[in-house]
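Visitor: I am new to this structure, and I would like to learn how to read its features one by one. Could we look at it together?

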Amino acid sequence: MLRFSFLLAIFAVVMDQIKEKYEQFKAWQIKPHEVGQLTADKHECATCHTEFHGNYCPRCGQKSTIGRYSFKTAFMTFLDVWGLGNRGMFRTIRDLLFRPGYMIRDYLSGMQMAYFPPFKMFFLVIAFLVLVNSGFNIKMQIIENYKEKVARDFNKSLKIDDDEKTDAKTFNEVGINDTINVNGKPVAISKDENSGKININQKVFDLKSYKYIEYLINWVKDNKTISQFLIVLILSLPMYLFFRHNKMIPDLRYSEFFVSIVYITNLITIIQIIGNFFLPGNGWIDDLAYILAVIALKQLYGYSFKRTLLKVIGAFVLLGIAVIAIACIIGGLAYLYVEYIL
């Protein structure tokens, strides 16, 4: 009994310490970044020999404390070449991971010199994500063979089991009137030499449509940064409708909201980089990234987690409806063009 009481007392002490640390962490999250105090010492710039008080020379901008050249100096110079050594790149990554919403709000309120610019960071982290993915997926086939994809879709349309497949070579080399073997049985097919359409048991496959889809998929894969930026731009429109009226920034502009979405996208990309670098192939990394994105929106706009999640879902639903409507309009116009104009 005494031993149980002793363990219970230790557990209570540990829980109190954890609670105290958590309260300190929450206070740190809310507290904005503080810029260091100006030094009162008088300095002479080693470059232009200007005498000044402060941390930087007012004439040429050089730091007051240069010191002797070291490996740290060389490393920071290397980072400066890529735009990483200035304006708090590492501070921005840290705050995006541990206080994303508060950090974005600080940036929107005018504290811009303390953090790395959102758009510059966007292109850097996307490029780094592509590099990490390429390094950990050496055998990844980036561009699938077009004919094999058509044959696979053909098998699926005929409800063929995964372990029973047609011969892709035979299927792709089909003549105008020919038969192919499916599960050991001959299937009659016909092919329009002009349009490239294949009729299989009254099922029509337009090979040209697969080609256009493949071009689109390959373009997205080859232009990862641009395609990701377009996705962010399109997604931010419906989300702005749900978040423009909030507690923390009542007069929120779309431009400000777009900046916040770019920063949140940077957060998701950073999580994916860390996950793909240390734990490649784990799908839960993406789930964690999206949860942190919802938390960032919660911290930024002051809603509860549940309400924030509902607003995000509502934005995706609205975007889906808009995409379907646009697709129907384009499809209808294409149909009218083919039927009545051509």
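Visitor: How do the residues of the lining of the second largest pocket divide into nonpolar, polar and charged?

Guide: This is a predicted model, in which local features need pLDDT of at least 70 and side-chain atom pairs count only at pLDDT 80 or more, while totals for chains, interfaces and linings use all residues. Residues are numbered from 1 along each chain as its sequence is written, and side-chain values use heavy atoms, with hydrogens and water left out.

Guide: Rolling a probe the size of a water molecule over the atoms shows where empty space is left. On a 1 Å grid over the protein atoms alone, a pocket is an open set of points where a 1.4 Å probe fits, with protein on both sides within 12 Å along at least five of seven lines, and lining residues have an atom within 4 Å of a point. Counting Ala, Val, Leu, Ile, Met, Phe, Trp, Tyr, Cys and Pro as nonpolar, Asp, Glu, Lys and Arg as charged, and the others, Gly among them, as polar, the lining of the second largest pocket divides into 16 nonpolar residues, five polar and one charged. Of its 22 lining residues, Leu235, Thr265, Ile268, Tyr290 and Phe316 lie nearest the centre.

Visitor: How many aromatic pairs does a search of the whole structure find?

Guide: Rings of Phe, Tyr and Trp (its six-membered ring) pair if their centres lie within 6.5 Å, and planes under 30 degrees apart count as stacked, over 60 as edge-to-face and the rest as tilted. The search finds 15 such pairs. The rings of Phe243 and Tyr303 have centres 6.0 Å apart and planes at 65 degrees, so this pair is edge-to-face. Phe243 and Tyr303 are both buried, where buried means under 20% relative accessible area, exposed over 50% and partly exposed in between, with a 1.4 Å probe and protein chains only.

Visitor: Where does the charged end of Lys311 sit?

Guide: A charge sits over a ring if NZ of Lys or CZ of Arg is within 6 Å of the ring centre and within 35 degrees of the ring normal. The charged end of Lys311 sits over the ring of Tyr303, 4.8 Å from its centre.

Visitor: How many disulfides does a search of the whole structure find?

Guide: A disulfide is a pair of cysteine sulfur atoms within 2.5 Å, and the search finds zero. For Cys57, the nearest cysteine sulfur, that of Cys48, is 3.5 Å away. Cys57 is buried at 4% relative accessible area, whereas Cys328 counts as exposed at 54%.
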